[in-house]
Amino acid sequence: MPTSGLAGRACRGCGGQWGVALSRKVSAVQIDFSIREITIKLVFYGPALSGKTTNLQALHRAADPTARGRLMTLETRDDRTLFFDLLPFTFRDQSLAVRLKVFTVPGQVIHASTRRLVVQGADGIVFVADSRVSETYANAESFLDLKNNLKVHGLDVNHMPVVIQFNKRDLPDVRSDAELAELAAQGREPVYTSVATTGQGVVETFLGVLQMTSASIEREHGLRAKFGFDFFVFLAEVARRLGETRCVAELVGTRLGGGEEPSGKGIGRQ
Ligand SMILES: Nc1nc2c(ncn2[C@@H]2O[C@H](COP(=O)(O)OP(=O)(O)OP(=O)(O)O)[C@@H](O)[C@H]2O)c(=O)[nH]1
Ligand SMILES: [Mg+2]
């Protein structure tokens, strides 16, 4: 059973360039040693209309134009993502260039095959849940869908850097802060809260997943030893380029719960 309360109570029935396959199936991060470049893929996953595209729009707005690329979105007339969104970032220091490719999946049930395709090779996941009580089951279903789609690519949600964002905190009839704190305490994944339309909590969530993903890549690949690359410095630079004056620890510290090892106690994982 999962983590941080996504399924839970309301669940009804329930050499160029190469991908380096990791022994624990953590990710398949792309490292190009010849040009000293690493490409990290992050995916915003979640049920339809939970606010995934809105997160990317907020990140794009916040980002320094010299760090961000063009936000590519493909939407239907009613704002539903048809294929995926992509927001690229590039950060460079003397030792390494880091390219971030940030994707969203389309949440509508009919786009199942696209979601499967987009999560391929993901290094980290932000699961955007809708905070409204009425959406609890949709959140749980989507989390199960994520788990299954990762499995198809040999990835295990228990060993992936995953953060959960409970979005739409401005709406009435949302799950209470106390309930989210309780869910977060039971689960493995750090939980962030947000109002993506105003940008509240968006950078915090992003730094949260990036910190977990960076730690995972460093553990597997030792980029500090190989290149002298310091992920702490990198994260601070990302925060700065996203217009933050707060330090990374403060941003990431806004999370509720979460820990390094799966607790297996939370709700949501099935
Ligand atoms: N009130 C409120 N509305 C939000 C928030 N975040 C997103 N929305 C709105 O919710 C609707 C759906 O947002 P999207 O970002 O398009 O949702 P999505 O998850 O990308 O949806 P799909 O692409 O269909 O999977 C839009 O009308 C947004 O303006 C929020 O925090 N609060
Ligand atoms: Mg969308």
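1. Not counting residues up to four places away in sequence, Lys-101 touches Thr-39, Lys-41, Leu-86 and Pro-88, where contact is taken to be two C-beta atoms, placed from the backbone, within 7 Å. Lys-101 has its place in strand E5 (residues 97-104), strands being DSSP runs of E of at least two residues and helices DSSP runs of H or I of at least four, numbered from the N terminus. Lys-101 counts as partly exposed because 18 C-beta neighbours lie inside 10 Å; a residue is buried with 20 or more other C-beta atoms within 10 Å of its own, exposed with 12 or fewer, and partly exposed in between, with C-beta atoms placed from the backbone. Although Lys-101 and Ile-40 are 61 residues apart along the chain, their C-alpha atoms are separated by 6.2 Å.

2. Before going further, please keep in mind that this is a predicted model, in which local features need pLDDT of at least 70 and side-chain atom pairs count only at pLDDT 80 or more, while totals for chains, interfaces and linings use all residues. Residues are numbered from 1 along each chain as its sequence is written, and chains are lettered from A and ligands numbered from 1 in the order in which they are written.

3. On confidence, pLDDT is the predictor's own confidence in each residue, from 0 to 100; the chain has a mean of 85, and 84% of its residues reach 70 or more. The pLDDT is below 50 over residues 7-25, a stretch that has 38 contacts in the model beyond near neighbours in sequence. Residues 260-270 likewise stay under 50, and for them the model has 45 contacts beyond four places in sequence. Where pLDDT is low, the predicted coordinates should not be read in detail.

4. As for the overall make-up, the chain contains 8 helices and 8 strands, and 47% of its 270 residues are buried. Leaving aside neighbours within four places in sequence, Val-126 is in contact with Leu-42, Phe-44, Val-163, Gln-165, Thr-205 and Val-209.

5. Which residues are closest to ligand 1? Of the 22 residues that surround the ligand, the closest are Gly-51, Thr-53, Thr-54, Thr-81 and Gly-107, a residue being near a molecule if its C-beta atom, placed from the backbone, lies within 6 Å of it. Helix H1 (residues 52-62) gives the most to this shell, with 3 residues. The shell divides into 6 nonpolar, 11 polar and 5 charged residues, where Ala, Val, Leu, Ile, Met, Phe, Trp, Tyr, Cys and Pro count as nonpolar, Asp, Glu, Lys and Arg as charged, and the others, Gly among them, as polar.

6. Helix H3 (residues 136-152) has 17 residues that should span 24 Å at 1.5 Å a residue, and its end C-alpha atoms are 25 Å apart, which agrees; the expected span is 1.5 Å times one less than the number of residues. Among the buried residues of H3 are Ala-138, Phe-143, Leu-146 and Leu-150, and what covers the buried residues includes strand E3 (37-45), helix H2 (112-118) and strand E6 (124-130). Gly-154, whose phi is positive, near 75°, follows H3.

7. Phe-89 lies in strand E4 (residues 85-92) and is buried, because 21 other C-beta atoms lie within 10 Å. Leaving aside neighbours within four places in sequence, Phe-89 is in contact with Ala-63, Ala-67, Arg-68, Gly-69 and Leu-100.

8. The loop between strand E7 (162-167) and helix H4 (177-186) holds Lys-168, whose phi is positive, near 65°, in a residue other than glycine. Asp-173 has its place in the loop between E7 and H4, with a positive phi near 60°. Lys-168 is buried, with 21 other C-beta atoms within 10 Å, whereas Asp-173 counts as exposed, with 9 C-beta neighbours inside 10 Å.
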